[in-house]
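Welcome! Open your viewer, get the chain on screen, and let's walk through it stop by stop.

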Amino acid sequence: MLRNLLGLRHLAWRTISTASRRQFENKVPEKQKLFQEDNGIPVHLKGGIADALLYRATMILTVGGTAYAIYQLAVASFPKKQD
């Protein structure tokens, strides 16, 4: 039984390790040209619409969170009235 398990383990390892890997196109030179281009756009927005959406969402959350924190500090700084 142990012999069968060891054989199965070896077969599984060999099948995984000898499988052909998918080749991907190297896009680094294209990205380097895009990000090094001097077109007046900040580097954090040169990636396109996705970068712009992430930037805006981050700014909205930051400003909203700051406003909420200031509001909570103001609420906490005034004592509640005793009835």
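Where does V43 lie? Select V43 and you will find it in the loop between helix 2 (28–36) and helix 3 (49–77). Helices here are DSSP runs of H or I with at least four residues, strands are runs of E with at least two, and both are numbered from the N terminus.

A word on ground rules: this is a predicted model, in which local features need pLDDT of at least 70, side-chain atom pairs count only at pLDDT 80 or more, and totals for chains, interfaces and linings use all residues. Residues are numbered from 1 along each chain as its sequence is written, and side-chain values use heavy atoms, with hydrogens and water left out.

Now zoom out to the whole protein chain. Its pattern along the sequence is α-α-α, with 3 helices and 0 strands.

Next, color by pLDDT, the predictor's confidence in each residue, from 0 to 100. The chain's mean is 85, and 81% of its residues reach 70 or more. Confidence is lowest in helix 1 (residues 2–17), at a mean of 65, and highest in helix 3, at 97.

Then select residues 53–74, which an unreviewed UniProt entry lists as "transmembrane region"; such annotations may be inferred rather than shown by experiment. This span is 100% helix, and its end C-alpha atoms lie 31 Å apart.

Finally, return to V43: it is exposed, at a relative accessible area of 52% (exposed means over 50%, buried under 20%, partly exposed in between, with a 1.4 Å probe and protein chains only).
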